[in-house]
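The model is a predicted one.

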Amino acid sequence: MLCARLTNARFLTMDPSRPVAHDLGVWRGRIVGLDEAVTSLPAREVVDLQGATVLPGFVDAHVHLAWTGLKQGTPSIAGCTRVEDVLARVAEAVIQKGSPGAWVSIAGYDQRVLGRHLTAAELDEVSHGHKLYLMHDSGHGCVVNSAVLDLLPAGTPHENGFLAEGAMGAARALRLPYAQEELAEAIGRAARTCLAEGVTACAEAGVGGALLGHSPVELGAYQLARDRGLLPLRVQLMVAADTLHPVAAHDADGIPRALDLGLRTGFGDDRLSVGALKVFTDGGMMARTAALTAPYEGLGHTGQLQDDPEALTDTIVDGHLAGWQLAVHAIGDRAADVALDALDRAQRLRPRPDARHRVEHAGLIRPDQLPRFARLGVRAVVQPNFLRYFGDDYAAIMGEERAPWLYRGRAFLDHGIPLVGSSDRPVTDGSPLRAVQFMVERASESGLLIGPEEGVTVAEALHAYTLAGADACHWEDDLGSLTPGKRADLVVLGDDPTRVDTSRIGDIEVVATYVDGRAT
């Protein structure tokens, strides 16, 4: 007897051997058959989906759950376009904090809407003895007041209180780590947001590190969330590369650096597992720290790498030798050169054809870099919603020649490079459907077309958020398509994205989300 049979729906299976079905059978959390194979079988529950469209649950291959959940509960200055309004809202948060000398965190900081960065002196006027920390929306910088600057190690670089990349990490290090209990609650909040948008599996893009980590024992917070029933979707954890340390492994193992006990990609189960090793090579375009080969338009600088290129290469190579899948953050084209050079060196030292190394973001990729991606078998994990919401700005700072190279789609596919969809939530909107719409249209919210020749088909965009996402996370045997034997993770939609006008895809209602065959 089936546990459940879902019927009267248009199942878009993403399985080329059987693209469409109308019935789907579930037994013990897995799909056991489609259409005639299950239609006549008895089932404990028969669910009439009333003509809805059903897809495999979306896979978001790059998110930040803890950050998302914490941000939801943090005072925010988002929407403020004048410095005086920002300072007034910060003053309110300081008053609410109460205890003098405490840290006050503020979310939603973005200098672009203000026309310039805030300064430490301006924050001093409203701090009243507190330590202020305003996190940049990109995650690649912060602005702090003098009370924080006075505590930083001598020589920490800053621009009137704005700290970027490693300097931001120095400010984060001053603060006590979040408690696992608080992190678990935040993770649970973010997970429920993902489910509401049809995401049933995701890759958390970096735990335990100095740049975006929240605790040295952050992985334990995800275990706590799972134990307490707060983790209703599948999560794979990327481990920050700065958590590796030298190990005295046997020479035959060839492992120069590792986590304790040799933990690496693949440890865990279908609900919570260790994924790729996350390596940062540069910053972000919002903060103007993505590393480029030519200057930003009108700014006269080329961003910055996170470290000396040789040091970055050593980390990437050591991770590869230790058996990790690598997720290399590289937004600018200069950073992509560093990533590709290092991955090339790693594969020559110890070939691993199915390592499935990834470049996270791949924000600006020159034409000459595309064949290298293909030759190395690297996955491009992109965030289409960046251009949907920030495209006007990104196109302006890249200029006419480079703007079409931003967050490519068609060029990756034409070169045989796996195109993987993701959100980088909470940096921007996490909706896969809105991202799918952009991947086809290549239009920002203002209507600006950004590299329209990079547009893909609806089917290709859906593939990026299902099968390609599953493949990038080594989940292809269980997720990504509605195929007998795979997990019964699916999303029920109020309309068919392959049949509606492209402009309507982003607004399609997510009616229900199923994990292991159960509505969540």
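## Nonpolar cores

The largest nonpolar core comprises 120 residues, and Phe 373, Leu 406 and Phe 412 have the most contacts inside it. Among the contributing elements, helix α7, spanning residues 180–196, gives the most to this core, with 8 residues.

Leaving aside residues up to four places away in sequence, Phe 412 touches Ala 362, Ile 365, Leu 370, Phe 373, Ala 380, Val 382, Ile 417 and Leu 419.

## The six-stranded sheet

An open sheet is formed by 6 strands, ordered β3-β2-β7-β22-β23-β24, with mixed pairing. Its edges are β3 (20–21) and β24 (518–519), each of which pairs on one side only.

Within the sheet, β22 (residues 490–493) pairs with β23 (residues 510–515) over 4 bridges, in the antiparallel sense. In this pairing, Val 492 is opposite Ala 512 of β23.

## Ala 459

Helix α15, which covers residues 458–464, contains Ala 459. Is Ala 459 buried, exposed or partly exposed? Ala 459 counts as partly exposed because its relative accessibility is 46%, and the partly exposed class lies between under 20% for buried and over 50% for exposed.

Ala 459 and Gly 409 are 50 residues apart along the chain, and their C-alpha atoms are separated by 13 Å.

Definitions and conventions. Residues numbered from 1 in each chain as written. Predicted model: local features only at pLDDT ≥ 70, side-chain atom pairs only at ≥ 80, totals over all residues. Heavy atoms only, no water. Pairing = 2+ DSSP bridges. Helix = DSSP H or I, 4+ residues; strand = E, 2+ residues; numbered from the N terminus. Core = buried A, V, L, I, M, F, W, Y, C linked by side-chain atoms within 4.5 Å. Buried < 20%, exposed > 50% of the residue type's maximum accessible area, 1.4 Å probe, protein only. Contact = heavy atoms within 4.5 Å.
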